[in-house]
Amino acid sequence: MELYYEYDNYLKRLKTPLWQEKGRVLYYGIYDFSYKYRTRIFDVDDNEIAYVEKDITAEKPCVGAWLHSGEKLFDLYKEGDEYTVEPQGYRFKKTDNGFVIDGVMTADEGKVTGDDIPLMLSLLFAMVEIAR
């Protein structure tokens, strides 16, 4: 699935709607000011599907992601210019305006593509949290 978003809103942690090419909003992410370092992801009906949160106690930069049910999706680690997603074992580097995880997803300035929506959107918003 291809979704589009306002890249500037995404970088500034403002409410970031994600829509299909035809302009129909399907999801949105929003920084949660009541939980420092957390971004919540909702569907168009305002049902939370997942959230990401930076672990400020970790030795190296780490952002965790959970489904709304509380099930852990992954931990995203940054070491130098390389990112690792565990337990999936994905390794990748950031490009100028995004990143690519072969066979999983692609994120480029204002466009994200992938099949597993909770994983894809959680990784997208985790990348902005880990940069904090």
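**Reading strands, salt bridges and the core**

Mentor: Start with Glu2, which is partly exposed, with a relative accessibility of 35%. The model is predicted.

Trainee: Which residue meets the side chain of Glu2 in a salt bridge?

Mentor: Lys111 does, with an N to O distance of 3.4 Å. The limit is 4 Å, so the pair qualifies. Look at the sequence positions next. Glu2 is in strand β1 (residues 2-5) and Lys111 in strand β12 (residues 111-114). They are 109 residues apart, and the pair links distant parts of the chain. Lys111 is partly exposed too, at 31%.

Trainee: How many salt bridges does a search of the whole structure find?

Mentor: The search finds 10. Read each pair by distance, then by place.

Trainee: Which residue forms a salt bridge with Asp81?

Mentor: Lys93, with the closest N and O atoms 3.8 Å apart. Asp81 sits in the loop between β7 (72-79) and β8, while Lys93 belongs to strand β9, so the pair ties together parts 12 residues apart in sequence. Lys93 has a relative accessible area of 46%, so it is partly exposed.

Trainee: And what does Arg91 meet in a salt bridge?

Mentor: Glu82, at 2.9 Å from N to O. Arg91 is exposed, at 56%. Glu82 is partly exposed, at 29%. Salt bridges can also share partners: Asp32, Arg40 and Glu48 are joined that way into one network.

Trainee: Which side chain makes a polar contact with the side chain of Thr84?

Mentor: The side chain of Arg91, at 3.0 Å. Thr84 lies in strand β8. Thr84 has 11% relative accessibility, so it is buried. Leaving out residues up to four places away in sequence, Thr84 touches Asp75, Leu76, Tyr77, Tyr90 and Arg91.

Trainee: Now strands. How many bridges join β4 to β5, and how do the two run?

Mentor: Count bridges, then check direction. Five bridges join strand β4 (residues 38-43) to β5, and the two run antiparallel.

Trainee: Why is β5 described as largely enclosed by the rest of the structure?

Mentor: Because six of its seven residues, in the range 48-54, are buried.

Trainee: What should I look for in the backbone angles?

Mentor: Look for exceptions. Most residues other than glycine have a negative phi, and most peptide bonds are trans.

Trainee: Where is Arg13 found?

Mentor: In the loop between α1 (7-11) and β2 (16-19). Arg13 is not a glycine, yet its phi is positive, about 60 degrees.

Trainee: Which residues does a cis peptide bond join?

Mentor: Glu86 and Pro87, with omega about 15 degrees. Pro87 is placed in the loop between β8 (82-86) and β9 (90-93).

Trainee: Is Ser122 buried or exposed?

Mentor: Buried, because its relative accessibility is 0%. Ser122 lies in helix α2. Beyond residues up to four places away in sequence, Ser122 touches Ile41, Ala50, Val52, Ala65, Leu73 and Phe74. Phe74 is one of the core residues that touch the most other members.

Notes: Residues are numbered from 1 along each chain as its sequence is written. This is a predicted model: local features need pLDDT of at least 70, side-chain atom pairs count only at pLDDT 80 or more; totals for chains, interfaces and linings use all residues. Side-chain values use heavy atoms; hydrogens and water are left out. Buried means under 20% relative accessible area, exposed over 50%, partly exposed in between (1.4 Å probe, protein chains only). Helices (H or I, at least four residues) and strands (E, at least two) are DSSP runs, numbered from the N terminus. Two strands pair if DSSP finds at least two bridges between them. A nonpolar core is a set of buried Ala, Val, Leu, Ile, Met, Phe, Trp, Tyr and Cys residues joined through side-chain atoms within 4.5 Å. A polar contact is a pair of N or O atoms within 3.5 Å; within protein, one must be able to donate a hydrogen and the other to accept it, and residues adjacent in sequence count only if both atoms are side-chain atoms. Contact means heavy atoms within 4.5 Å.
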